[in-house]
Amino acid sequence: MATKAELEAELATLKAQLAAKPAAVEPHDEAEPEPGEMRSSFDKMLAGHGIDSSELDALWAQFSKELGDFPTQKPLLTTIAAFGLGFALGRITKF
């Protein structure tokens, strides 16, 4: 078992290391990427998988157009779907 003197010596050494650490490590602030930079990196990732980003944009526009009037055309179905989704998410996140 360690003696009190040994533990105090180890504590003093650790405090000295901790005090020296912030001086040795300089914080490096990364600038937030521009929205255009994020988009170009996303496009590069998609291109790496053989997907053109314009196809994805067209698909999203078509999907939005088709579902745009859905809540006004079928309000009961929209209500049931919202309830079902809320119920499922509630059950999944319940601890």
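From the N terminus on, the order of elements in the chain is α-α-α-α-α. The model is a predicted one, where local features need pLDDT of at least 70 and side-chain atom pairs count only at pLDDT 80 or more, while totals for chains, interfaces and linings use all residues. Residues are numbered from 1 along each chain as its sequence is written, and side-chain values use heavy atoms, with hydrogens and water left out.

Start with the whole chain, coloured by secondary structure. Helices (H or I, at least four residues) and strands (E, at least two) are DSSP runs, numbered from the N terminus.

Next, show the surface. The chain exposes about 9000 Å², and carbon and sulfur atoms supply 66% of this area. Accessible areas come from the Shrake-Rupley method with a 1.4 Å probe; for residues, only the protein chains shown count as cover. Of the 95 residues, 2% count as buried. Buried means under 20% relative accessible area, exposed over 50%, and partly exposed in between (1.4 Å probe, protein chains only).

Now select residues 53-67, which form helix α3. Ser53 is in this helix. Is Ser53 buried or exposed? Ser53 counts as buried because its relative accessibility is 17%.

The side chains of Ser53 and Asp43 make a polar contact at 3.4 Å. A polar contact is a pair of N or O atoms within 3.5 Å; within protein, one must be able to donate a hydrogen and the other to accept it, and residues adjacent in sequence count only if both atoms are side-chain atoms.

Finally, select Ser54, also placed in helix α3. With 43% relative accessibility, Ser54 counts as partly exposed. From C-alpha to C-alpha, Ser54 and Asp43 are 9.3 Å apart in space, and they are 11 residues apart in sequence.
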